[in-house]
Amino acid sequence: MSKRAGIFISMLLGAVALTGCGEPLTGQDEVAKKAVSAQAINTPVVSDELRLYVFNCGQIRMNSVEAFGLSNDETDVRELVVPCYVIEHPKGTLLWDGGLPSATAALPGWSPEVQGNSVRLDKTLAQQLSNMKFDLNSFDYVAFSHIHFDHVGVANEVKNATWLVQEADFDAAFLPEGAPLGPAVEPDLLRELKNSETLKLNGDHDVFGDGRVRLISAPGHTPGHQVLLIDLQEYGPLVLSGDLYHFRFNRTQRRVPLFNVDADQTLASMDKVESLVTEEEAQFWIEHDLALFNTLKIAPDFYR
Ligand SMILES: [Zn+2]
């Protein structure tokens, strides 16, 4: 999103947050939910195979794609999907990317257009997880591709997980008082998670120690942007792009969004990730690609 769009959408979401978000849990619901999460925490081995679950965590609609380094006649695409993913590994679980702020779901349908942009979230991740074996209290790890508001929307609801974050993004989210924030960064969305156990990274990181789920440092969009490489047995190796690209045209033409914090660093990250994709013979999913998303298996179905 452009800086202006980010700010306006945030203002809009701020208004939504004031009106409350979803139904409050009743006492009984709360007890039931706690029992479920306690069970999940005490069940370290959830599956004996590596699995990837895909969720719809929102959509973004825009009148112009110029902020992404494209001209409006280069692509017809004006709508992006905002996915979340759960990776289940024999040694634990990882939530990758957190979607739009959950408060967005309090608005039915598309939000009013502000500066040519609109957002929607039909079901929160918490609601989508309600019939599954994990919930927001039971993940072992949480990692976001980067700290923009459309990737950390559930952050404050995630309890008990270790936050895997590139130190440069952590520092960019929690700047000294008065320092100007980067575009689309909303520190409030990370306020609660900041108190969780945190592993600050300075480069690539092997999440479960067997090379099958790896965070790949790819800075430039934000100072600590990263992508995820998953080595699925049946589907094969797969890279989840974060916001290395938003549109297919960004990838084929190496176009850098105007609001990236470092254009040269972005191009170097593109080179690094593309080499990895070639080397690993990996599939590559542009996370925001709605046309691709519409072909994917959605949770509770999964990739193995
Ligand atoms: Zn994004």
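1. The buried residues of helix 6 are Thr-266, Ser-269 and Val-273, where buried means that 20 or more other C-beta atoms lie within 10 Å of a residue's own, exposed means 12 or fewer, partly exposed is in between, and C-beta atoms are placed from the backbone. Seen down the axis of helix 6, these buried residues fall within an arc of 60°, so they line one face of the helix; the arc is that of the directions from the helix axis to the C-beta atoms. On the other side of helix 6, the exposed residues are Asp-264, Asp-271, Ser-275, Thr-278 and Glu-279. The cover over the buried residues of helix 6 includes strand 9, strand 10 and strand 11.

2. Please keep in mind that this is a predicted model, in which local features need pLDDT of at least 70 and side-chain atom pairs count only at pLDDT 80 or more, whereas totals for chains, interfaces and linings use all residues. Residues are numbered from 1 along each chain as its sequence is written.

3. Helix 6 (263-280) has 18 residues and reaches 26 Å from its first C-alpha to its last, close to the 26 Å expected at 1.5 Å a residue, the expected span being 1.5 Å times one less than the number of residues. Helix 6 is followed by Glu-281, which has a positive phi of about 50° although it is not a glycine. Glu-281 is found in the loop between helix 6 and strand 12 (283-285), and with 8 C-beta neighbours inside 10 Å it counts as exposed.

4. For the protein as a whole, the secondary structure comes to seven helices and twelve strands; helices (H or I, at least four residues) and strands (E, at least two) are DSSP runs, numbered from the N terminus. Buried residues make up 45% of the 304 residues. Among contacts between residues at least 6 apart in sequence, 71% join residues at least 24 apart, a contact being a pair of residues whose C-beta atoms, placed from the backbone, lie within 7 Å.

5. Strand 10 (residues 226-232) has six of its seven residues buried, so it is largely enclosed by the rest of the structure. Five bridges join strand 9 (residues 213-217) to strand 10 in an antiparallel arrangement, with Val-227 of strand 10 as the bridge partner of Ile-216. Five bridges also join strand 10 to strand 11 (residues 236-240), again antiparallel, and here Leu-229 stands opposite Val-239 in strand 11. A hairpin joins strand 10 to strand 11 through three residues.

6. An open sheet of seven strands has the order 4-1-2-3-5-6-7, with mixed pairing; two strands pair if DSSP finds at least two bridges between them. Strand 4 (117-120) and strand 7 (198-201) stand at the edges, each with a single partner strand, so one side of each is left without a neighbour in the sheet. The twist averages 20° from one strand to the next, with axes taken as lines fitted to C-alpha atoms, for helices over the stretch in contact, and angles running from 0 to 180 degrees between N-to-C directions. Strand 5 (residues 141-143) and strand 6 (residues 162-166) run parallel and are joined by two bridges, with Trp-163 in strand 6 as the bridge partner of Val-142.

7. Arg-120 lies in strand 4 and is partly exposed, with 18 other C-beta atoms within 10 Å. Not counting residues up to four places away in sequence, Arg-120 touches Gly-58, Gln-59, Thr-104, Gly-109, Trp-110 and Ser-111. The C-alpha atoms of Arg-120 and Thr-104, 16 residues apart along the chain, are separated by 6.3 Å.

8. The largest nonpolar core has 68 residues, and those with the most contacts inside it are Tyr-85, Leu-94, Leu-95 and Val-158; a nonpolar core is a set of buried Ala, Val, Leu, Ile, Met, Phe, Trp, Tyr and Cys residues joined through C-beta atoms within 7 Å. Leaving aside its neighbours within four places in sequence, Tyr-85 is in contact with Leu-52, Tyr-53, Val-54, Trp-96, Asp-97 and Leu-240.

9. Two further backbone details deserve a look when the model is inspected. Ala-184 has a positive phi of about 65° although it is not a glycine; it is found in the loop between helix 4 (167-173) and strand 7, and with 23 C-beta neighbours inside 10 Å it counts as buried. The peptide bond from Ala-299 to Pro-300 is cis, with omega near 10°, and Pro-300 lies in the segment after helix 7 (290-293).

Conventions
Two residues are in contact if their C-beta atoms, placed from the backbone, lie within 7 Å.
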